[in-house]
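Thanks for coming. I will go through a few local features of one model, with the cut-offs stated as they come up.

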Amino acid sequence: HHAQAGQQHGVGFGLRDRGNNLQVDTQTQFNMGSVSKLFTAAAILVLAQEDRLSLDDPVTDYIPEFTMSDSRYKDITVRMLLNHTSGVAEYNMKPEYVSYLLAHPLHVFTTMDYLGFIKGDEVQFAAGSKHLYTNTNYVLLALIGDQLTGDHAKYIRDEIFKPLGLTHSFYRDDANYLNQPDLVNSYWDRYSNGELENCSQMQQVNVASLIGDDGIIASPVDYIKFLKALFDGELLQPATMDQMLTFVSNETGPDAYGYGLGIHNDPYKGHAEYGHTGGGIGAGCELGYLPDEHIYFFVALNMGTIISSPITDAAADIRSEI
């Protein structure tokens with residue numbers, strides 16, 4: 001969805017509610033999924049600018065109880081959480097977590113529940129030795145944010161949403177913050193056969209449980225406003241931005257994917273593309289900036305799948321065309 005600044009209701013394609021035949025428009029809120037990590041990272045980097053933390057401090061300085069069971073965890077720094085080089089175990093891949101989630105679709109998890117799923121687990125690799133995208137890193141960053149501000153979500157609302165005028169963005173305002181009339185319904189192709197079920201309730205309970213690595217909803221205009229403000233220097237000083245855009249990669253070459261501090265570089269035909277992708281039980285999206293062209297874009301899908309689906313194949317074709 002290509003949104004002009006200041007435009008409120010623009011053209012929308014597709015349905016936010018299939019049952020009632022309601023169209024998408026520029027005020028429609030989409031589930032951000034892991035694009036939330038970009039907001040969490042920005043908040044941590046603002047705190048670093050304010051000298052309230054240092055990126056190369058050990059995580060244990062801010063979360064003393066976070067020693068888990070492995071002495072190698074003491075080598076993890078805040079920066080390693082931000083760029084996924086920490087080696088900390090991944091809660092999101094634990095069979096115990098996934099099977100419980102699917103068997104109890106309306107269960108509300110807490111941060112400590114997520115960390116409980118990896119308690120006693122070995123590290124994935126020695127701290128700082130390589131990059132591996134891991135949701136647990138951002139659960140821990142949210143805890144650090146809470147430690148420093150009392151409430152990282154309120155800090156994001158006060159220090160990012162409000163100053164940037166993100167009036168259609170919501171993150172843990174209250175227990176029912178996802179109960180928004182403009183939030184899309186979520187659909188799930190459970191059996192990867194093109195048959196969609198409305199899974200909005202399950203998606204909303206899941207999203208409301210996710211902290212730091214997911215949990216934000218926003219309109220297309222707000223997504224673009226945020227990313228443009230970030231690259232216009234409204235949040236971070238140039239030196240901080242340089243650190244954010246220092247990418248680690250397991251690949252080489254002009255189209256190698258790299259990950260910075262809460263942001264990716266996923267080049268397209270040799271052209272940099274800065275941003276983040278997100279997904280969920282009934283959601284998928286990508287927020288991006290093409291610096292060579294000075295183009296910002298946001299693409300979202302209000303459906304999910306476990307493996308693959310003819311519907312997601314069609315969405316991938318649309319993204320490529322855009």
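I start with K269, which sits in the loop between strand 8 (264-265) and strand 9 (274-280). Helices (H or I, at least four residues) and strands (E, at least two) are DSSP runs, numbered from the N terminus. This is a predicted model, where local features need pLDDT of at least 70, side-chain atom pairs count only at pLDDT 80 or more, and totals for chains, interfaces and linings use all residues. Residues are numbered from 1 along each chain as its sequence is written, and side-chain values use heavy atoms, with hydrogens and water left out.

Back to K269: its phi is positive, about 50°, although K269 is not a glycine. Most residues other than glycine have a negative phi. K269 counts as exposed because its relative accessibility is 65%; the classes are buried under 20% relative accessible area, exposed over 50%, and partly exposed in between, with a 1.4 Å probe and protein chains only.

N21 is another non-glycine with a positive phi, about 55°. N21 belongs to the loop between strand 1 (15-17) and strand 2 (22-23), and its relative accessible area of 55% makes it exposed.

Next, the helix crossing. How do the axes of helix 1 and helix 6 cross? Helix 1 (residues 36-49) and helix 6 (residues 152-164) have axes that come within 10 Å and cross at roughly 90°. Axes are lines fitted to C-alpha atoms, for helices over the stretch in contact, and angles run from 0 to 180 degrees between N-to-C directions. The two helices are therefore roughly perpendicular, a label for 65 to 115 degrees, with under 35 roughly parallel, over 145 roughly antiparallel and the rest oblique.

On the helix 1 side, F39, T40, A42, A43, V46 and L47 meet Y155, I156, I160 and F161 of helix 6; contact means heavy atoms within 4.5 Å. By class, that contact has nine nonpolar residues, one polar and no charged. Here Ala, Val, Leu, Ile, Met, Phe, Trp, Tyr, Cys and Pro count as nonpolar, Asp, Glu, Lys and Arg as charged, and the others, Gly among them, as polar.

Now the voids. The structure holds one cavity of 30 Å³ or more, and the largest cavity has a volume of about 60 Å³. On a 1 Å grid over the protein atoms alone, a cavity is a set of points where a 1.4 Å probe fits but cannot get out, a pocket is an open set with protein on both sides within 12 Å along at least five of seven lines, and lining residues have an atom within 4 Å of a point. Grid points are joined across faces, edges and corners, and a volume is the space filled by probe spheres set on the points.

Residues lining the largest cavity include T40, A43, L47, Y155 and I156. Helix 1, helix 5 (136-149) and helix 6 each give two or more residues to this lining, which divides into seven nonpolar, four polar and no charged.

The second largest pocket holds about 370 Å³. Of its 14 lining residues, Y268, L290, F297, R319 and I322 lie nearest the centre. The lining has six nonpolar, three polar and five charged residues.

R319 lies in helix 10 and, at 32% relative accessibility, is partly exposed. Not counting residues up to four places away in sequence, R319 touches D266, E273 and E286.
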